[in-house]
Every structure is written in structure tokens, then in C-alpha cells.
Amino acid sequence: MAEGTEGTRGPALTQDQGARLADGDWHRVHPLTPVIRSWQLVIFILLVAVQNLGGDVAQGDLPELGRPNPGGRLLAGGGALILLAVLAVLGFAALSWRMTRFRVTADALELHSGVLYRQQRRARLDRLQAVDVVQPLLARVAGLARITLEVAGGSGSAVTLSYLTEAQATSLRNHLLARAAGLHYESDEAPEAPEHGVVEVPAPRLIASLVFSGAAVTLVVAFLAGITAALGFGRMGVVFGAFPFLVGVVSVLWGRFNGGFGFRVATSPDGIRLRHGLLEQRAQTVPPGRVQAVRVRQPLLWRGFDWWSVEVNVAGYGGGGGTDAASPENVLLPVGTRQDAMAVLSLVQPQLTVEPGESPAEVVVAGLDGAGPAHGYLTAPNAARWVDPLAYRRTGARVTREALLIRRGLFVRQFDVVPHARSQSWGLTQGPLQRRLGLVSFQLHSTPGPVTPQVPHLDAHVAAALLADQTERARQARAAAGPERWMEGVSASPTEAAPASPHPPSGPPSDRPSDPSVPAPGTEGSSPA
Amino acid sequence: MTALTPPPGSGDEPFAPHDVTWSRVSPRLALARRVTLTITLGLLAAVVAVVGLVLVGWPWTWLVLLGLAVLGAWGWLLAGWQAAAIGYAERADDLLVRRGVMIRNLVVVPYGRMQYVDVQAGPLDRAFGIAQVQLHTASSGTDASIPGLPPHEAARLRDRLASRGHAQLAGL
């Protein structure tokens, strides 16, 4: 993945920049950027043109050679118009390229862009939440990549540099992460942090997980219903009417396959590394302590395989929006065995710090598929059956010293983990019916994303105690929180309370040594002594 | 802060923790809401009266107007209850905001999690001498707004929250 310093595949124009973008000077993005950014629009214009001209040709409107006639002039005029449109699109893209420049200083990434509306954006590196290197298909062919720096300013606050050469993008990513970690390096090139592979998703399992998904079942049912309507009742209109719906379902399935293909989860001192994607490849790095909340989820159809998926809230990624189709950034594991899911969970939340004599794994398993008050879970009282007759027995919440664990859902099992150090605010609500039954719901407010932790219908007094407990634990966690620059405190105070421990002690099942082929000039050893 | 963790099942009321003294908002909030309600319903009633008399006739028009009157009376009462139900408490590390009569709501916002504070006052609010203070965290789910504060109290609260947020600033 790391190409070294020479951008062998990039054109000669960028050779002088090499990989040293982080020198504090202004740089432009790669000159091929306008083509790659506007190719879809160009193809669209050409398609429309070909379709129209093709129609004319098919109707015999093509002028005979050598005989000037109005149709010929029209054709020539149309061709000129198309050429003009394509040139205008490319010209605007080129102008936009010309107006885009960026620089990387010691503390920030600055990006100036915009032709008509100028924009100047400056992202502080110590506020960095995640760094993504993304390669759409065409960019990959051209050896280019775009790099996205997420900061916690809500949706649309990211700084995106598109496109750089792969080598530049990788090197810049390493620099940004090193600076954000508070690491100082002497060499020209930022050191690449060593990686430990943790989980890989085999393609057959991904395909099977999509076959046994709600979307696939919907597709089959809709297909059968359509066939029945068409053959049994002779109503072809139903089939055509359902077509957009089917296209939508298929595109959802395709999106999940495309995003989850070749999914690999790894851990490094820089945080969690994710690589995935079939056509559009994505390499994400989420530094320690940037995951705001985790949800482990099991749809009904996966229960027989004991498969689970893991999604996260990261400030800046956004995503969610209520549907079960999380945006690709939020997926930490598209599908995995129970062991995989627990390994990934332990990357995000290395320590739960349960009571002495208790095993963290048992507490987690009780959260995944358990029910009832075993392992210290607070449960919903019997009165909750009037408002939540099916799932109230499974509802449970457990507070450990490091995190709040919430389990929910009878058919679709959910298990949410929110580190106390990351909870933003929390509260209680009580509707009129709940008041009659003496019930109160507990909510925890996390940053925007697919995980919305809440415990519905607790006993009023239990909820009050949970609120007080959460308040106190979160206060302690805030006081003991690790530094924003996660490498700064590593050598100074290896306290057991640091949530930003670079390597999870409750080990993921991979104890193999780090890949020796990855250049690893001692990131861990070079922290300030 | 030591008394904050009562054992589960103790007699603590969920929306009124025993060690919290609530600050109330100005009763002028109820007045402002009643004026808004009266104007809205009044306009609606006028439209209903004109349209109803022209198109439908007396009995149905009277029925709808009666319905609006009942709605208005209910809203009038509710505005008073709601204003009385709003409370906030500044504790050492967090701000508590509670509100709601039918649906009760309590939210705890640590000062260290605060991203920014809004103070808003519309034209009617200014006429009645009240303002709203709203706390924002990195979560869009945090709904910690305190309406109906006298302007000097709103300004005091804003500055106090800002300074405490700065003193206890935690990362995200």
C-alpha cells in the first residue's frame, strides 16, 4: 500500500513535489483532477448526444454526402454544441483546479478553493477525528487518491484534497496522523505506524450475509409478487410500476457489497485501520478515543450463523439518519463471527473494568444475546410489558467503570457500548402512559451517527439511579481522559485508566507479529522521552 | 458530589433528585405563549367565521368555533403548567434542565461537553422581557434549552456557562 517516496505512476508534473507536501508551502492538487472529477458529466453529455443522433440516424435523417441540406447543418450544429458543452465542463473543472490550493503546516491543514464562491478552510490537526484515503475506480486506474480529513464540525466540515498521487496521499496521511498524535519526527518522511491485522471478511461470507438480509428478502418477495401479478392477473403495469423500487433495493445491496468487499480491520498506534471496497477503495484511520459509540447488531436471519455487524459513531462521519443502511464510513465490520465482533469491540473499548471476579467477555456475551438480570444488567420491570410486550425482557443496561452497555431488541439484537469519556449528555423522558406504569426511558446523546443509545421503559427509581450513576462515572472519566494528542501521554504515564491505549490488552485473536514488509521506523519508541 | 449515587431502588424521584434546588423561569413566559396562542387562534377563528358563514352556514361554523375555543382554553392552562414545569439547576460539574407536563424530560449536560451557548429573543420575547438560553454539545440529540429567562439572568447564565465550560473543557 505504501509506495515509498517516488510517485512512479504520477505524471512528471508532480515529481518536483514528490511526497513532501507537508513543508508549509502552498501546493496544487494533481493536474488530472479536473478530468477525474468531471468524467461522469462528460460521459452523460456524450450519452445524451449519441442517443439523440443515433435516433436521427435510425430514422434515415442522416444527410447524403456532398449535398447540403438543412438536416446536415443541424447535425453539424448539434455536434458543435456537444463539443462546446464538454469543453465548458472541462474548462470549469480546470478553472476550479487552478483555484484550489492547500498547505500543511505544523498544526493545521488549509484549503483554498472555489471559482465564484471562494472558500478558505483551516482544519486544526489536534481536532482530527479520522483520516480517509479514498480511490474511486478511475482514480485508482490513474494512480490517484483523495484524502479526507474529518474534524468534528458536523456534516460537511471535512477537508477533502482530491486528487493526489497514492504515494502523496499515504505520506500526507502519515504526517497528519503523526502531527495529530503529538509525535515529532526528524526524518523527511513521517513514519508509518505498524499494523496488526485483526479481522478479515471473506467474500463468500459477505455474499451470504447479503443473501440473508432484509433487503434481499424484500427483493425476492417483490419479484415473486410481480411475477404473480404479471402472469396470474395479466397486469404488466404492476411490474413496471415496481421497477424503480427494485432498482433501489438492488442498489442498496450493491452498495453494501461494494463497500464491504475485502474488508480488513487492523490496529495500529494511530488507531483503527479499515480497508475495504471493490470499485471504490477506502482506507480509513480512526485514532484512539475518536469512536463515540459502538453498536453490535444481529438481524434475525443471521442468528443461525451467529453473525454480527459493528457500526460506530465518529464525530464528522455523520451518517445514520434512522435507517439501517449506515453510510460506508460508519461500518466497522459489515459481517463477522461472534469472535470477530468481540475482537473489533475490544479495539474500540479495550477495557470495560468490570467488578472483580467477573469476566468482561461474559458481560459482553450477556449483552449480545442474553436477557434478564444476570451479569449486573438493569432490566425493565414487568410493567413494561404493556408498552413493549415483545422486547422488554431483553432490554438491559449495565454500567461499568469505563462504559455504558445497553442491550435491546428481540428480533434484531442490538448491543451498544458508549465510553463514559465520550458521552455528550444524557437524560430521562416519561410519557403519560409511562407515568401511569411508573416507567422512565433513559437516553444517551452521542454525536450524529447510526448509534442512538437508549434504554426504554426502566423502573422510575432504577432510571434515576442509572442517571446519577452515569453522571458520576462520566465525571470521573472526563477527569481521567487521555490527551487529545494520543501519543503524548504514552511514555509519560502508562496508567491503566488511559482509554487511548494503543494496543488492546484483552487481545484480539491475532497474536501474529506485525507484517515485517511494512516499513515501521519505530513509531512507538520515538515518542518524546 | 458524594451523595450522587444512591443505591438502586432508593426513593429518589427520577425528575426531582433530592440534592437539587431548581431555578424557575419567569412567569412572563406563560404570558408570552398565551399571547401567541391567542393571536394564532384568533386569526384562525376569524377565517373560519368568514368562510363558514359564506359557504356552510351557522350550526357547523359555531361547532368549529367552539372547538377552537376549547383548544384555546386548554392551551391557556397548559402554557401556565409548562412554564411552571421548566427548571434548571447549575451543579458543580453539569447543568440540569427539566421540562414538560404531559411528556416529562430531564437532561444532564456536563459543562466540559459544551460546544457553544445560544441566547435568543424574538420580538415578542423582547416585548415581554424574556430570552432563551440554549446549550449545544457535539450531539444533535442534546436538547438543553431554557426559555423564559429575564435578559439579565440569560446573560449571567451565558457567561457563567461559558466560563465553566472553558474551565472544565474536555475533548470530544
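This is a predicted model: local features need pLDDT of at least 70, side-chain atom pairs count only at pLDDT 80 or more; totals for chains, interfaces and linings use all residues.
Two residues are in contact if their C-beta atoms, placed from the backbone, lie within 7 Å. By that rule, residues 24 or more positions apart account for 61% of the contacts in chain A that have a separation of 6 or more.

**Chain A as a whole**

- Chain A has 529 residues, of which 44% are buried, and its secondary structure comes to 11 helices and 20 strands.
- One of its helices, H6(A), covers residues 214-232, and because each of its 19 residues is taken at 1.5 Å, H6(A) should span 27 Å, which agrees with the 26 Å between its end C-alpha atoms.
- After H6(A) comes A:Gly234, a residue whose phi is positive, near 65 degrees.

**Where chain A touches chain B**

- Chain A gives 32 residues to the contact, while chain B gives 35 residues.
- On the side of chain A that touches chain B, the elements that give two or more residues are strand S18 (425-430), strand S19 (439-445) and helix H11 (460-479), each of them in chain A.
- Of these elements, H11(A) provides the largest share of that side, with 14 residues.
- Sorted by class, the side of chain A that touches chain B is made up of 16 nonpolar, 11 polar and 5 charged residues.
- The two chains are also joined by strand pairing, in which S18(A) and strand S4 of chain B, residues 104-110, pair in the antiparallel sense over 5 bridges.
- Within this pairing, A:Gly427 has B:Val107 in S4(B) as its bridge partner.

**A sheet in chain B and the helix across it**

- In chain B, 3 strands form an open sheet with the order S5-S6-S7 and antiparallel pairing.
- Strand S5 (116-120) and strand S7 (144-149) of chain B are the edge strands, since each of them pairs on one side only.
- On average, and with direction ignored, neighbouring strands of this sheet are turned by 15 degrees against each other.
- Strand S6 of chain B, residues 131-136, runs antiparallel to S7(B) and is joined to S7(B) by 4 bridges, and B:Gln134 has B:Ser145 in S7(B) as its bridge partner.
- Helix H4 of chain B, residues 151-167, lies across S5, S6 and S7 of chain B and runs at about 15 degrees to S6(B).

Note on methods: Residues are numbered from 1 along each chain as its sequence is written. Chains are lettered from A and ligands numbered from 1 in the order in which they are written. Ala, Val, Leu, Ile, Met, Phe, Trp, Tyr, Cys and Pro count as nonpolar, Asp, Glu, Lys and Arg as charged, and the others, Gly among them, as polar. Two strands pair if DSSP finds at least two bridges between them. The expected span of a helix is 1.5 Å times one less than its number of residues. A residue is buried if 20 or more other C-beta atoms lie within 10 Å of its own, exposed if 12 or fewer, and partly exposed in between; C-beta atoms are placed from the backbone. Axes are lines fitted to C-alpha atoms, for helices over the stretch in contact, and angles run from 0 to 180 degrees between N-to-C directions.
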